[in-house]
Amino acid sequence: MNEADLRNAVLQALYSIAPEAEGERLDPQASLRDQLDIDSMDFLNFLVALKDTVGVEVPESDYAQVANLDDCIRYLAARLPST
Amino acid sequence: MPSLGADMESGTLIEWLVKVGDRVHRGDIVAVVETDKGAIEIEIFEDAVVAELLVQPDTEVAIGTPLARLDRVGEPAAPRAAPAAEPRAAIPIPPAAPTPRGAPRPPPVAPPPMPPRAPSIARPSAAAVPSIATRRKVSPAARQHAREHGVDLDRVTGTGDGGVVTVADVEKFIRAPPPSAPMPSTPPPPSTTPPSIAAPAAVVAPTERAAAAASPMRRAIAAAMSRSKREIPHYYLAHTIDLEPALAWLERRNAQRPIERRIVYGALLLKAVARAAADNPSLNGYWRDGAFEGSATVNVGVVISLRGGGLAAPALQNAATLDIDGLMAALKDATERARRGRLKSSELSSATITVSSLGDTGVESIYPIIHPPQVAIVGFGAVVSRPWVADGGLYVRRVVTVTLAADHRASDGHDGARFLTAIERLLAKPEAL
């Protein structure tokens, strides 16, 4: 999975919980939860979707490291399961 | 058409999920109705056979209007769902749909007018079955979006699962309407004509008045909240609770579990409220006809804000007796269905107390308004780190402000104070929740 695939997977997971955001431009440095009005239940569902598609499980203690789009992609890229 | 809230006046039948001759069982979902509160699944409360569908899809009817006639199982046909003295089979169907359609739809198979008081022994016939199969599947969000933009859904191509029309499909249609389609629900034949020449005849510019009018959900919220403030003498209490023990316990627990089984802290708060309400019965129930009716069970309504505005407050049934995993599952399920617009009718009318949490917005406290006929609503603000004095020392602790708005006709401030301190006590021992 290259970075473009990873970005796409993150966006798809976001769209699954915030469908109205599809096609909208996201600020890659700004908080996803603020931009998309995501509550804690939505955020958990977002991470569950990422686990299913990317194979990386984000522990609760690392939530701050996946708070914006760039950080999230970087975090996942560093932990991709080797295949 | 059941009443799904204190101020609901009418609903629009969107879809029948049963047809004439079907055997239905208590609890089955038989129809989908669009109301002020979004699309609601209508459950049936007896075992019966569907004898006649009295209201056609896309028809708005007043509450109390019979939607269908049922034959009791094992009995000769008896009109079950026609409480009015006169048979009310002839539900007026709007003469013309408000939005232009690409072509006349198949004529609605209107139920034949019943002769007054004739014993209805008509057997189900195939002719009486509406053409469910030809109805388009449309997501509730897409339906609303289409209405707001004056888009004729019959002309939108669905690309969701099984051809469901999504918001994106409606958006796409608004941006680039296809050439005038000959027939609804028939996919246009592959065309070589460029799509850009289409005159968007089906896109009706919303009038200024329509744009300014409140949505049905906004009006329903306005009506219920106005009634509440007009009729209910609220009293308010607030209490700040040290949430550190509960959060630390939850974080340890979540760290040991796969992500699918993690619990959000909101579920802990709901559990504490449910148990405190069970122990403080004057806050759990309804004020009706000048008297308080307590409830033996605690059904906690959860205020869920919807994307695109508005809210829904489905009830988590028997929340005091669910364990924390069961409560989390119920909360997750209700949240997802509320957002998809698929709550059940029973969920919207059974809450005995409601919780409104602003936690995710960062605001520290909320003074909520009671949902009539309930007598109490509990609010939670955001969890914030604050200086906290405990055991003679000063600490930084994560705390939450819990508020109670209660009906002074049903309870007094003393009851409310006991209730809030019960929540505090329960959250101090999360492992026992």
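Why does A:Pro28 count as partly exposed? A:Pro28 has 13 C-beta neighbours inside 10 Å, and so it counts as partly exposed. The rule behind that word is as follows: with C-beta atoms placed from the backbone, a residue is buried if 20 or more other C-beta atoms lie within 10 Å of its own, exposed if 12 or fewer, and partly exposed in between.

Before I continue, a word on the source. This is a predicted model, in which local features need pLDDT of at least 70 and side-chain atom pairs count only at pLDDT 80 or more, while totals for chains, interfaces and linings use all residues. Residues are numbered from 1 along each chain as its sequence is written, and chains are lettered from A and ligands numbered from 1 in the order in which they are written.

Let me stay with A:Pro28. This residue sits in the loop between H1 and H2 of chain A. Helices (H or I, at least four residues) and strands (E, at least two) are DSSP runs, numbered from the N terminus. Leaving aside residues up to four places away in sequence, A:Pro28 touches A:Asn68, A:Leu69 and A:Asp70. Touching, or contact, requires that the C-beta atoms of two residues, placed from the backbone, lie within 7 Å. A:Pro28 and A:Leu69 are separated by 41 residues in sequence, yet by 4.7 Å in space, C-alpha to C-alpha.

I turn to chain A as a whole. It holds 4 helices and 0 strands, and from the N terminus on the order is α-α-α-α. Chain A has 83 residues, of which 28% count as buried.

Which residues of helix H4 of chain A are buried? In H4, residues 69-79, they are A:Leu69, A:Cys72, A:Ile73 and A:Leu76. These residues cover an arc of only 95° around the axis, which puts them on the same side of H4(A). The arc is that of the directions from the helix axis to the C-beta atoms.

Consider H1 against H4. The axes of H1(A) and H4(A) are 10 Å apart, and the two helices pack at an angle of about 120°. That makes H1(A) oblique to H4(A). Axes here are lines fitted to C-alpha atoms, for helices over the stretch in contact, and angles run from 0 to 180 degrees between N-to-C directions. Angles under 35 degrees count as roughly parallel, over 145 as roughly antiparallel, 65 to 115 as roughly perpendicular and the rest as oblique. From H1(A), the residues A:Glu3, A:Leu6, A:Arg7 and A:Val10 meet A:Leu69, A:Cys72, A:Ile73, A:Leu76 and A:Ala77 in H4(A). By class, this contact of H1(A) with H4(A) has 7 nonpolar, no polar and 2 charged residues. For these classes, Ala, Val, Leu, Ile, Met, Phe, Trp, Tyr, Cys and Pro count as nonpolar, Asp, Glu, Lys and Arg as charged, and the others, Gly among them, as polar.

Now to chain B. Its secondary structure comes to 9 helices and 19 strands, and 37% of its 433 residues count as buried.

How do helices H6 and H7 of chain B pack? Helix H6 (residues 265-279) and helix H7 (residues 324-340) of chain B have axes 9 Å apart and meet at an angle of about 110°. H6(B) and H7(B) are therefore roughly perpendicular to each other. H6(B) contributes B:Ala267, B:Leu268, B:Leu270 and B:Lys271 to the contact, and H7(B) contributes B:Ile324, B:Leu327, B:Met328 and B:Leu331. The residues of this contact divide into 7 nonpolar, no polar and 1 charged.

The peptide bond from B:Pro372 to B:Pro373 is cis, with omega near 5°. B:Pro373 lies in the loop between strand S16 (353-357) and strand S17 (376-380) of chain B. B:Asp391 is not a glycine, although it has a positive phi of about 50°. With 5 other C-beta atoms within 10 Å, B:Asp391 is exposed.

Finally, the two chains together. Their contact takes 15 residues from chain A and 15 residues from chain B. On the side of chain A that touches chain B, the residues divide into 7 nonpolar, 2 polar and 6 charged.
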